[in-house]
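I opened my notebook to look up a few places in one protein model. My entries follow, in the order I made them.

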Amino acid sequence: MNLQRTLAKSISFSGIGLHSGKPIHCELRPSRPDTGIVFILEMNGGIRSRIPARYKNVGALSYNTGLRAENGEILTVEHLLSALHGYGIDNCEVWVDNTEIPVMDGSAAPFILLLCEAGIVRQDAPRRTVRLTRPVRVGDDNMWIEAEPSDDDTLSIEYTIDFDHPSIGRMTASFSDDPYRFAHAVAPARTFGFLREVEVLRARGLIRGANLQNAVVMDDHRIISGETRFQDEFVRHKILDFWGDIVLLGHPLVAKIKAFRAGHRLHAQLVETLLKTPDLLVPVDQTIRHRILQWASSGNQPVRETVQ
Ligand SMILES: [Zn+2]
């Protein structure tokens, strides 16, 4: 059976916020089945807010994915959510002493290393995976996401970006759910930005913690932050962002996704459409799957019908 997973033990880390620029301490803790990913803001020695990573709590969607609840807000959750999803963690508490998740190196790779160190345990509860019943599309002719039913029981994505910049242009990359490939081919891709936007964004209270070590930065002509980690690092990072944002659905998803010039806003719009359109999602039948796997693993011979 496809069982839910959590961390084998707690693990903590520190860093600065991409937008706030402030120091942050975080601890990832194991949690019970069916609790999902929950951010717990602990400030001044007390719990201020519990914010489940669910679409209903979506807040800011500008240059990050933020969540908010009654007494608090947490920004830049997408790279950590992406690592948890990519590594196959269903349930985890994220204790944090500030209102943002540390940016680390601008990718999800440092989180994957932490998860490897903590280890995974399977829990005694089936994953509540859902699948699409028919195609759905959000966006317009200029930027869109299409989702189609998948017949191979996985979530896969083909992402295309198109930036009018000599270092980027049009790039397409694909990924199909696989923790090993996620760790090596998606997680290390860093966030990116343009020097010409820095002053405007800083005036809006954003990217105060951004520097040449935690983002791929470009002036009008070229990359000024050194070598990229992949020739197509930009589009790989968009896949990383999507892998985090789709966690907001609250269930593992089986579907084939195509995204064109999308971003956090459209990712969230897809999740909203999936949740709000009746009959679009149905549970993957774990009962039948469980019975077939049990049958196969118990060494049974194929059943032969007898004709009398
Ligand atoms: Zn990102």
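**Entry 1: Pro-52.** I looked up the partners of Pro-52. Leaving aside neighbours within four places in sequence, I found Pro-52 in contact with Ile-37, Val-38, Asn-57 and Leu-67. Contact here means heavy atoms within 4.5 Å. Pro-52 sits in strand 5, residues 46-52. Strands (E, at least two residues) and helices (H or I, at least four) are DSSP runs, numbered from the N terminus. Pro-52 is partly exposed, with a relative accessible area of 28%. The cut-offs I use are buried under 20% relative accessible area, exposed over 50%, and partly exposed in between (1.4 Å probe, protein chains only). From Pro-52 to His-264 I count 212 residues in sequence and 18 Å in space, C-alpha to C-alpha.

**Note on the source.** This is a predicted model, in which local features need pLDDT of at least 70 and side-chain atom pairs count only at pLDDT 80 or more, while totals for chains, interfaces and linings use all residues. Residues are numbered from 1 along each chain as its sequence is written, and side-chain values use heavy atoms, with hydrogens and water left out.

**Entry 2: Ala-173.** Is Ala-173 buried or exposed? Ala-173 is buried, at 9% relative accessibility. I find Ala-173 in strand 14, residues 169-176. Beyond neighbours within four places in sequence, Ala-173 touches Ile-157, Glu-158, Tyr-159, Asp-232, Val-235 and Ile-239 by the contact rule. I also checked Ala-262, which is 89 residues from Ala-173 in sequence and 13 Å away in space, C-alpha to C-alpha.

Entry 3: I started with His-237, which lies in helix 5. His-237 is buried, with a relative accessible area of 1%. Its contacts, leaving aside neighbours within four places in sequence, are His-79, Gly-106, Ala-189, Arg-190 and Thr-191.

Next I took helix 6, residues 264-276. Helix 6 has 13 residues and reaches 18 Å from its first C-alpha to its last, close to the 18 Å expected. The expected span is 1.5 Å times one less than the number of residues. In helix 6 the buried residues are His-264, Leu-266, His-267, Ala-268, Leu-270, Val-271 and Leu-274.

How do two packed helices get described? Helix 5 (residues 233-245) packs with helix 6 at an angle of about 35 degrees, and their axes are 10 Å apart. Axes are lines fitted to C-alpha atoms, for helices over the stretch in contact, and angles run from 0 to 180 degrees between N-to-C directions. Which residues of the two helices meet? Lys-238, Asp-241, Phe-242 and Asp-245 from helix 5 meet His-264, His-267, Leu-270 and Val-271 from helix 6. I sorted this contact by class and got 3 nonpolar, 2 polar and 3 charged residues. Ala, Val, Leu, Ile, Met, Phe, Trp, Tyr, Cys and Pro count as nonpolar, Asp, Glu, Lys and Arg as charged, and the others, Gly among them, as polar.

**Entry 4: helix 2.** Helix 2 covers residues 109-118. I note that 7 of its 10 residues are buried, so helix 2 is largely enclosed by the rest of the structure. Those buried are Ala-109, Pro-110, Phe-111, Ile-112, Leu-114, Leu-115 and Ala-118. They pack against strand 1, strand 2, strand 3, helix 1, strand 9 and helix 3. After helix 2 comes Gly-119, with a positive phi near 85 degrees.

**Entry 5: positive phi without glycine.** Asp-34 is not a glycine, yet its phi is positive, about 65 degrees. Asp-34 lies in the loop between strand 3 (23-30) and strand 4 (37-43). Asp-34 is partly exposed, at 46% relative accessible area. Thr-76 also has a positive phi, near 55 degrees. I place Thr-76 in the loop between strand 7 (72-74) and helix 1 (78-87). Thr-76 is buried, at 3% relative accessibility.

**Entry 6: cysteines.** How many disulfides are there? A disulfide is a pair of cysteine sulfur atoms within 2.5 Å, and by this rule I count 0. Cys-26 is buried, at 0% relative accessibility. For Cys-116 the closest cysteine sulfur is also in Cys-92, 14 Å away and too far for a bond. Cys-116 is partly exposed, at 42%.
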